Amino acid sequence: MTTKLMTLTVALLLIVTGLKAQEEKKVATAQVSFAYPLGTNGHSSMHIANNYSFNILYGVNGGVKQFELGGIGNQNMGDVSGVQIGGLVNITDGASTGAIISGIANITSQSANGLHLTGITNYTQENANGAQISGIANVNGGTSIGLMLSGLANVAVDDMTGAQIGFINTAHQSMSGFQLGFINFANKMKGFQLGFINVADSLGGAALGFISIAKNGYYAFEASNSEVMYANLSYKMGKTQLYNIYTAGYSKYNNKDVYSYGLGLGTLIPLHKRHALAIEGVTNHIVYDSNWDELNLLNKMNLTYQFHVTKCISLIGGPSLNFYITDQKVDGKYGTLDMPSTIWKHEGNSNGQYMWIGYNVGINIRL
């Protein structure tokens, strides 16, 4: 019984060893093919890795160690390292390391390390380290480290560390680094987002854009009064470190209505449990007598103290530095605001410029 068991064990070991030997790919110095299987390695080419590979049209090989060039494309059933250039496409069923360049697409079923450069899309099923540059899209199914640069979209399905630059950037797990695009999205953002629309479920950094949304962000309405505007209503959104300001106001001048609307940026600095200091810069367009087209800008730098009456309600007040530039005249004088005494002014043939110290008082309601 023991002899039979030993014989069976040895037989199984021989079979397994033989299978592994069959799975191991041969390595050839070089191969040349016209189109698979018309080449020096024939039908066996997918089982043979090459140091150098040249495919006049399209080749299917077992792998590349140094360099591969294909007129239309290259497909490898194993790993690729070194430099691979395909006129249209490179397809790698293993891992790729080095520089992979094509006219349309680079597709890697395992990890990608190095440079992937293509005209339309780079797709990596697993992890990607290095630089991915494409005309349309980069898509990574695993973790990503490095640069994703595209003309349209960058998609990191798992964690991303580095930079995403494109029209749309998405990191479905954590993003550590920098996103630059028209739309930026990250589940957990640790870094900086710069775009027209920035979205993060959790923002551990800052975002700068026209709209910045973070689940753990800062959102507040603010009603205030200043020396030149009877009433101002502002909405603030983003993070306390850096938030957007959207504002509108109303006043009167020379018995006619004056409206304002503007955009700005601010930062809120906690001082104590009930005290905080806001530093904000806002640019307002002033509309007088329904005239929307003339140069009429009021730029404000506000230093505003907040006293937290409750967790959500704060009383606010503080000084503001105002710079007003206008080319509108009323009764021969520049300006459509009841300006206080100025600390500086300049009146020329085309416009008037004025600077003064004002104030800002009101109430802040945090959402």
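How much space lies in the second largest pocket? It holds about 150 Å³. Keep in mind as you read on that this is a predicted model.

## The second largest pocket

Who lines this pocket? The lining of the second largest pocket includes Tyr253, Lys333, Tyr334, Gly335 and Leu337, and Met339, Thr342, Lys345, Glu347 and Tyr354 belong to that lining too. Strand E28 (333–334) and strand E29 (344–347) are the elements that give two or more residues to it. Sorted by class, the lining of this pocket has 5 nonpolar, 2 polar and 3 charged residues.

## The largest pocket

The largest pocket has a volume of about 240 Å³. It is lined by 16 residues, and those closest to its centre are Tyr218, Leu268, His308, Lys311 and Arg366. Strand E23 (256–272) gives the most to this lining, with 3 residues. At least two residues each also come from E24, E25 and strand E30 (352–366). The lining of the largest pocket divides into 6 nonpolar, 7 polar and 3 charged residues.

## Cavities

Now for the cavities: a search of the whole structure finds 3 of them with 30 Å³ or more. The largest cavity contains about 190 Å³ of space. Its lining has 17 residues, with Asn232, Ser234, Thr247, Lys300 and Asn302 closest to the centre. Among the strands giving two or more residues to this lining are E20 (218–226), E21 (231–239) and E22 (242–253), while E24 gives the most, with 4 residues. By class, the lining of the largest cavity has 5 nonpolar, 8 polar and 4 charged residues.

The second largest cavity has a volume of about 80 Å³. Of its 15 lining residues, Ala128, Asn129, Gly130, Ala131 and Gln132 lie nearest the centre. Strand E12 (128–134) is one of the strands that supply at least two residues, and E12 gives the most, with 5.

## Nonpolar cores

The largest nonpolar core has 14 residues. Met160, Ala171, Met175, Ala186, Met189 and Leu203 have the most contacts inside it. Strand E17 (residues 168–203) provides the largest share of this core, 6 residues.

A second, separate core has 13 residues, including Val258, Tyr334, Leu337 and Trp356. You have already met two of these names: Tyr334 and Leu337 also line the second largest pocket.

Terms used
Residues are numbered from 1 along each chain as its sequence is written. This is a predicted model: local features need pLDDT of at least 70, side-chain atom pairs count only at pLDDT 80 or more; totals for chains, interfaces and linings use all residues. Side-chain values use heavy atoms; hydrogens and water are left out. A nonpolar core is a set of buried Ala, Val, Leu, Ile, Met, Phe, Trp, Tyr and Cys residues joined through side-chain atoms within 4.5 Å. Buried means under 20% relative accessible area, exposed over 50%, partly exposed in between (1.4 Å probe, protein chains only). On a 1 Å grid over the protein atoms alone, a cavity is a set of points where a 1.4 Å probe fits but cannot get out, and a pocket is an open set with protein on both sides within 12 Å along at least five of seven lines; lining residues have an atom within 4 Å of a point. Grid points are joined across faces, edges and corners, and a volume is the space filled by probe spheres set on the points. Ala, Val, Leu, Ile, Met, Phe, Trp, Tyr, Cys and Pro count as nonpolar, Asp, Glu, Lys and Arg as charged, and the others, Gly among them, as polar.
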